[in-house]
Structures are given as structure tokens and as C-alpha cells.
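Reader: I have a model open and want to go through the fold. Can you take my questions as they come?
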Amino acid sequence: MSKDSAELMAQKANQEVQNESPVKALVPERLSGGDMLLRALDDEGVEFLFGYPGGQALHIYDAIFRQQRIEHILVRHEQAATHMADGYARATGRTGVVIVTSGPGVTNTITGIATAYMDSIPMVIISGQVPNNQIGTDAFQETDMVGVSRPIVKHSFLIKSAAEIPVAVKKAFYIATTGRPGPVVIDIPKDMTDPNILFDYAYPKSVKLRAYNPSLKGHPRQIKKAVELLLQSKRPVLYAGGGVVQGNASDLLIQLAKRLNLPVTNTLMGLGSFPATDQQFLGMLGMHGTYEANMTMHHCDLVFAVGARFDDRVTNAVDKFCPDAQIVHIDIDPTSISKIIRADVPIVGLVDIVLKSIVQQVEKALSGALELPDYKEWWAQINSWRNAHGLDTDARLANLKNPKILPQQVILSLYRATQGKAFVSSDVGQHQMFAAQYYKFDEPRKWINSGGLGTMGFGLPAAMGVKIAFPNETVVCVTGEGSFMMNMQELSTCMQYGLAVKVICLNNQALGMVKQWQDMQYGGRHSASTYADSLPDLVKVAETFGHVGMRVEALAELDAAMDELFSEKNVNKLVILDVKVDPEEHVYPMAIKGGSMQDMILTRGESI
Amino acid sequence: MRRMIAVLLENEAGALSRIVGLFAQRNYNIETLSVAPTEDVNLSRLTITLRGDDAKLEQIIKHLNRLIEVLKVADLTDGEHVERGIMLIKVRAEGASRAEVKRSVEIFKGRIIDVTPRMYTIELVGSADKFSAFMATLEKRSIVEVVRSGLAGISRGEKALIV
């Protein structure tokens, strides 16, 4: 970009900004680019930075050192910084902020950025870059961060003039948090943060981007049509996803479901948006969803989708999806609508605003001539599915004489010990599905997992981010030994900052989900999915890092160990509970590939 | 089905790469692309032609709209529109075919913009159809080099894609 266009951009940026009150602007502070960055983050309300220093970020790190308001958390690997920021964001609803250096610093963040992007998590990533005059010269630790991250960010900025920094920060947070949230990168060449060049500092109160209008209320005519369909339907189901959690619309979802006695199913990302202990809750749907949730979906006459995106792990074969159903689809992102499944009633809008007007219109209809719909037959049908093959019907779980611990029993024990009130993060694999199935989340933002990208190594750092936001709450990371080893260096970070996360490792000495697929689809050929003879002793790992390690190998010891894990003496300690679980256990139900949602394998005995 | 999409976007560094990247990420093929600033130097206008059905086009337009720097997107093939591109061709023109090529150029209202004893360089302005029709008049072996610009498109009548 030429100098002219850089100036033009700066001018334009200033036009878009409504500045602070003129009184304050009279005596502007003179700050360097690095100090402006930190001040802008503070003015934005940022409390924590998760990061790792390096050459091109050193001016910024010096600015961090010279201020007291924002705490920097030093991780051991940049990927973990992004997952920590992500966990912080998921639990609080605020933006997670990451700061790293150029080159390997930024490439290490890519997995974490992609994770946040897939699950629509608000995140701002600030990366050091080589000085402007070295960009493009293959300078030491140079990577085109804007280019490398482009497909996995909502937007990105490359700072070409230090004066833009406050506006870029404001825009980045505005974009990251509004509409469908997502990660935003600010790439800052080192010369932009030079401590010797000062600028007038002013933080804009608000920004307006003429091409970006994220606040949508939903089309009134479509909303009316959705309400009509809902009130006419005989076999409706509410299918609620992560959008309800991210959009803070859980209360309204509950209100709607309660008013009409609607069955509710959650996606993996939506868990907690409707209380799992409620009778109207059918459990998670999809590939490893409950029998009743998937049967209800397949046989319904109306899918009322709220903040969900008809992911392939939900729909199974698209052409066989819910054959008798009309589809109402509420989502903030128009690209999610009719992407996989054609919506009969598409509603583009913020879920809370749309649900609110739907609830109001339902109320209005019911206060008029219309009678409350009667779903007696529908519920009788759903309950018969639930009673036949619901998760509770697995008799093996109640058998206390199993020679081996079933992984599901560990989750049930965890649920009991924490009274269902813990924040639970997970990694990716069988343990994730068991946690999603058996830990009954009654509140949103308590279940922290990488749904869209399926990132192994997410669980521990994400839990750490949650613990930083809520130091007095119980934060558990349910993991497997495979996932855990992907980021276990962060145990050192936990020691540095006293993060008393409880790690529960469902140790099956194998990459369980891979192995399950190999068992089911590859004739039991366990290609590169086992490593039992070379695993570290996780109790000793915990101790090496200065934490507490415990091991359970027999079912009879499980509950006592779980109680000890959460006992008073361990409140301020990170504890790893390594549980040797039955390595042969598979996750069921499991969707049959190429089938409809009602096509599931329910137990190990069944063949495809 | 061939489609033509017009996009108005902020004239900012990296904006074009986001659009091109989007097509690659979402597995959409760009057939032709042209881009240049408009009467407002802060705005660029792109014309993209591609092939796809209604559902695909709907997704592409939604995805383009989702980009932070994109202000407006329109499907020009949705209504009457005009499109123009430019094609430069270098052809062997010797002996009997020399006059034949010249005649074809006249029929297609093209211009011969450079001449050597053995070759013509021809300029043709028009739509994609016109280019293919002209190419069909040439003997394949005589074509030495072809350069085509992306197409620029605009809707007919009073409809306009403006901010």
C-alpha cells in the first residue's frame, strides 16, 4: 500500500470514529504505539492477556511491564494462550485476548484461532510483526500472519501507521464481539510500537463500519410465520445450539419451551442452554446423541432450530434428514441458513431478540382464542423412546461389580461429586462424548469444549482460562491421556499462577475414538492408535510439575477418589486424577454412516 | 449456469485477497475476475463470473456479504445486464489467411493494433460470447497468444449498485 493510501485510510478511520468528549481531547496524552496498545486494551476493559514474548513483541512487552492494570499470563506454548483466552471467553462471554510474537509465535496460535473461529468465540489476537521496511524480505521470524490466518479469522488488521492503533483495537473488539462472534487478528510491525515515537492518544467511544451492520432483529413476517408453524405443529422439537449460549438467550429458550411444553435437544455446543435435568430435555442429538433426541428429530413435523447450524455431525445423511419436518432456522449468520438443510422459514437475527419477539407473539396468540397446543401423543411417543433406549437404561453402569471402570461411570461419579455445578472443559475424543452425554449441564457457559474444530489439547488450557476468570469456582478438565499430552506443558503455567484445575483423565491407553472407528469400520486394525507401552505415569507427571497426582484402577475406589479430589485439602491444588478405564468401551449411540437420524447403533453387539 | 456477480468493497489492503481466498476456501471456481477503483477512491468494484446453481450462488453471495469490507453484492445475471471485456490476440497471418483474418476482425468490429509481415495483433472488446465466436473463426494453429481481461458488468436500465 502506498503512503498516500495509508494516509487516506487513517483519515477515513478518523472519520468513522466518534471521539471522546472535546474537553478530554483538549489535552491529549502523548504515548508510544506500545503504550497506546496497552492503554486501548485497558480502555476496552481487558483484564488478562494470555501470551508469550519474543523479538518483535518486545516493545509491547515492555509496555506491559510498565503498567499495572492488565495482568499478563505467561503460557508455555502459544497454542495454549489461544485456548486459555478461548476458555476465558466461553465462560465469561467476554473477549479473550492473546499476545504473541511473529513467526513461530503466530503460527503456533493457528490451531487455537481456528478452534475459536469454528465455535464463534470472541477473541482478539495481537501479534508482533517484523518492522514495516522488512516485510516481504524473509526477515528472521517473519510470517505473513494476516495471510496465514485469513481463512480462520472474522477479520484482521495489519497496522501500517502507529496512529491507527487505538482505532484498530476498538474495531477489533467491536467486530469480535458483535454479530456472529469470532477471532480478530491485529498484526503490529515492531516499528509501530517504537517507545521513542509518541502520538496523541484518544480511545474512540464507538466505531462504525459502513459495510458491517451486525445487529439484526429478524424479519417480522418470518417471525410471524415461525410462530404460526410452531402453534400449528403436532410434533415439534426445539433444536438449540451454541448460538443460544453465545447469544445469552438461554432464559428465553427456557421460557418458550416451558410455555408450550416443547421437547428440547441441544447440540454439543448448546449443552447447558436448556437445563439437562429438566424432563423436557432429550439430551444431545447427532452422531453420539441420545436415542430419544435423534428419534424425536427424525419423526418430528417441525424442527425449530435456534442458533444451530445443521452440522454434519448432527444431520447424518442430508437427503434423509427429518423427512416430515418443516424447518424454522434462527441464526445471526445468514451463511449458516440453508447451507446444509433448506430452511422453510429463515430468520436472520440475534437469537435473544428473535426469541423474545417469538415468546411475545406466542403469549399474544395464547391470550386470544388459541388454545395451548396439546402434545400429549407426541410426548408419549418420545417417552417411550426414552424408556426403551435412553442413556439411563444402560444396566452396565449400575453394576458396581464390573472388573473394569467404564468411562461413563467416571463422569457419573464426577457429576455426583460436583453436584452438577462445576465448569467442565474437555478435550476431544471418547471422553468428550461421555462427558457431553452424562454430565447434566443445567446452566449455559459451564460446558467448555472444542465442538467445531475438535481440537485435542484444548481441555487443560481452556480450563485454565476459566479458572482465571472464576478463581473460586470448581473447574474440571475431563480429558484422555492422548489429548492431555498435547498441552501438558501448561501444568507449569498452572504452578506459576496457582490455577487449581482438577484434571480427570479417562485413561484407556489408546486414542479411543480413532480406535473405536477402526474397530467398527476397519476390521479392528489399530493403525497408529495405541501406545500403551510408552505412556508416562501421570501421577508422577503431576508431581514433577509440583501438583498432586492420584490414580484409580478399581471401580470400588472411584467415588472415594472423586470425593478426595474435591475435598477441602485440595481446593487450592491442581490435581490430576488418572483413571484406568476399560479400553474396550465404545461411545454409543452412534449414527450409522449414510443413514438418517433414526439410524443408530445402540450397543456393541449390533453390527452395521 | 454462468453467473456474474458485482461486488462493491472498501479499497483497502488485503480486501481482494479475502475475496479470492473465500472462493478457494469454499470450493467455488472463479471464471473471470476484474477489479478497479470506482468514482469514489475509497471503493473498489469487482466483477466475478463463475458457474453454479442457485443454491451455490446464494451461499457465495451470503459469504461475500459476510466479509467486513464488502458493502454490496449483486447478481447481475438476475436481470438484464451489459458486460464488456477486452481480448488481445496475436495470430499468424500469412498468405491467403492474412486477408481472411482481417475480414473476420472487421466483421467482429475488432481492431488490428500491431502488424508484422507474419503476424497480426488484434484487439476485441465485448462479451464472453463474442470472444468465443471470434476465436472459432480462427484456425487453431494460427493462434500464438491470447490475453483476456476479466469481464466488467453493469445492470441495464436505472438499477444501480451504489452505496
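Reader: What pattern does chain B follow along the sequence?
Author: This is a predicted model. In it, chain B reads β-α-β-β-α-β-β-α-β-β-α-β-β along the sequence.

Reader: And how many helices and strands does chain B come to?
Author: Four helices and nine strands make up the secondary structure of chain B.

Reader: What does the C-alpha trace of chain B span along its principal axes?
Author: About 55 × 35 × 30 Å.

Reader: What share of chain B counts as buried?
Author: 25% of its 163 residues.

Reader: Contacts in chain B, then. Of those between residues at least 6 apart in sequence, what share joins residues at least 24 apart?
Author: That share is 74% for chain B.

Reader: Switching to chain A. How do β3(A) and β4(A) run, and how many bridges join them?
Author: They run parallel, with four bridges between β3, residues 48-51 of chain A, and β4, residues 71-74 of chain A. The chain gets from β3(A) to β4(A) by way of helix α4 of chain A, residues 58-65, in a right-handed β-α-β crossover.

Reader: Which residue in β4(A) is the bridge partner of A:Phe50?
Author: A:Ile73 is the partner there.

Reader: Which other strand do bridges join to β3(A)?
Author: Strand β5 of chain A, residues 96-100, is joined to β3(A) by two bridges, and these strands run parallel. Within β5(A), A:Ile99 is the bridge partner of A:Gly51.

Reader: Where do side chains point in a regular strand?
Author: In general, they alternate between the two faces of the sheet.

Technical notes: Residues are numbered from 1 along each chain as its sequence is written. Chains are lettered from A and ligands numbered from 1 in the order in which they are written. This is a predicted model: local features need pLDDT of at least 70, side-chain atom pairs count only at pLDDT 80 or more; totals for chains, interfaces and linings use all residues. A residue is buried if 20 or more other C-beta atoms lie within 10 Å of its own, exposed if 12 or fewer, and partly exposed in between; C-beta atoms are placed from the backbone. Two residues are in contact if their C-beta atoms, placed from the backbone, lie within 7 Å. Two strands pair if DSSP finds at least two bridges between them. A crossover is right-handed if, with the strands pointing away from the viewer, the path from the first strand over the helix to the second runs clockwise.
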